[in-house]
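Here are some friendly notes for your first look at this structure. Please keep the sequence and the 3D view side by side as you read.

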Amino acid sequence: MTEFQEKSTVTARESLAGDVFRLTVQAPRIAAAAQPGQFVMVRTGDTLDPLLRRPLSIHQVLSDGRLRLLFKVVGKGTGLLAGLGPGLKIDLIGPLGRGFSLAPAGPACLVGGGMGMAPLYFLARRLLQVRPGPGDDQILLGARNRAELELPAAEFSGLGYRLHLATDDGSLGHHGLVPELLDDVLPSVRQVYVCGPYPMMRTVALKCRTAGVACQVSLETHMACGLGVCLGCAVAVAAGGYKHVCKDGPVFAADEVLWKM
Amino acid sequence: MENVIDQGGVDLRVRIGGLHLQNPVLTASGTFGYGRELTAFVNPARLGGIVAKGISLAPRPGNPPPRVVETACGMLNAIGLENVGVERFISDKLPFLRQTGTRVIVNILGDTVEEYGRLAGRLAGVEGIDALEVNISCPNVKKGGVAFGTVPETAAAVTMAVRAAVDVPVIVKLSPNVSDITVIARAVEAAGADAVSLINTLLGMAIDSRSRKPCLANVVGGLSGPAIKPVALRMVWQVARAVAIPVIGIGGIATAGDALEFLLAGATAVQVGTANFYQPRASEEIIDGIRDFLRQEGEPSVRNIIGQVRVDEQ
């Protein structure tokens, strides 16, 4: 696996909704090697606080060596990233981890909640490259409200996929949680890809298990290095013991994970 | 040794007992894996040495997550000594370490004095191991879980058990979670340690006020990173004056400036730890920075500055 450290230049910073931001950076070596579901470790500045890099999934790879990161400001580190403007430098390490395996035949369903939509967009685009078209593939997206969902939904639907939306407050699409949309879809799909908050992924994973549909989950944990040395990003697995999200994941077969109830 | 010319005319070689290092910069146990993980970013052959991830007789799965949490200028970890065990270390990990072109120091840990002795015995004579570093911060299961490293007698007992089992230099890694670290340092010196390395992590804690839960599943964990550097430096200075054996400085070293402080305080070598997590090239940059500093200062050898902190007589 090839990993690079790049002092990248920010080419665009967009405020999408409230505390959600999208950074576009020039990182040609990482962009060229990136696969859907992989992530980068981002240094938020040169000072010692925050100290550690932040893991962010790769949202999109553009053709000219740029890549996009989509994130919500949740603390000091992401706050600093949101303050970066065009022309400023950002230190990235990547692409890291094992991404989604592109399932061969049969309709797929991509399920994204909140910032979990980030890697799914890259995946949705890649799937269009390896298959003739969206066909019967479907995409389920959920967020807190219309403001957070509207723009991402427009981008996904621009790819030609059939979209089903849900918001916590009912301001767009189904009033409720995104896994509730899955029941109608599951009978007609062969593969589910999911990324979002832990309870949502657990629900989707269990629904898929019951229906006998293959499911891949993209997990998120605390992580100090992202490079396989700190061993901080452990996740309990059904077979016993732990795996590491940074190297064994972040994408796992849903049945491999020992889900906490 | 071979690399003197590569160091730009400055002699960076140091000696830890019988262990000769091409420069004084090592990577700390648990922050550099088994040597292979960070090779995309750092050339191991340039390092003074690699201290491998701590190993035990049997594999250990480690603690439940969350295992790490960031704190101001540092981080807490409770990894739980996850490791592959000595047999897989020898068969799967050592072959790569052996051909990195640098010194290989194997960090060992155990639950009982006997286990340390058996583990060291298993590693005795194994090709490609240049020294052992003994982690004595582990709980002593036969003594109610009190860490070996907090009691002079058990620290000495572990040291003797390891010393008796191997011919390579034995470095004892000291815990800072004691009232007087020089007492432990002297105890392990008397028990036959060839060197001491310090400090291991400082015991700490963090709480998420919203969930009212500890941030670590293990509740408490070890604090590392730049936040602990002043404490580590003070302890290195104290220990260097208390023992005759070499001292290896560890604790929040992220820049050449940090490393130079430890050398001046009396460390013969240093280990770079947490910095590897966020700046995997840190150790190489520190070697370059020490060389540049010595050149600017007109010092032909790094050995000229070890312990040379100028403390005014009171």
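1. B:Gln271 touches B:Leu26, B:Thr27, B:Ala28, B:Ser29, B:Val51, B:Glu133, B:Lys173, B:Ser197, B:Ile248, B:Gly249, B:Ile250 and B:Ile253, leaving aside residues up to four places away in sequence; contact means heavy atoms within 4.5 Å. This is a predicted model, where local features need pLDDT of at least 70 and side-chain atom pairs count only at pLDDT 80 or more, while totals for chains, interfaces and linings use all residues. Residues are numbered from 1 along each chain as its sequence is written, chains are lettered from A and ligands numbered from 1 in the order in which they are written, and side-chain values use heavy atoms, with hydrogens and water left out.

2. You will find B:Gln271 in strand 18 (residues 269-272) of chain B; helices (H or I, at least four residues) and strands (E, at least two) are DSSP runs, numbered from the N terminus. B:Gln271 is buried, at 1% relative accessible area (buried means under 20%, exposed over 50%, partly exposed in between, with a 1.4 Å probe and protein chains only).

3. Now for helix 2 (residues 113-123) of chain B: its buried residues are B:Glu115, B:Tyr116, B:Gly117, B:Leu119, B:Ala120 and B:Leu123. Their cover includes helix 1 (85-98), strand 7 (103-108), strand 8 (131-135) and helix 3 (152-165) of chain B.

4. What follows helix 2 of chain B? B:Gly125 does, with a positive phi near 75°.
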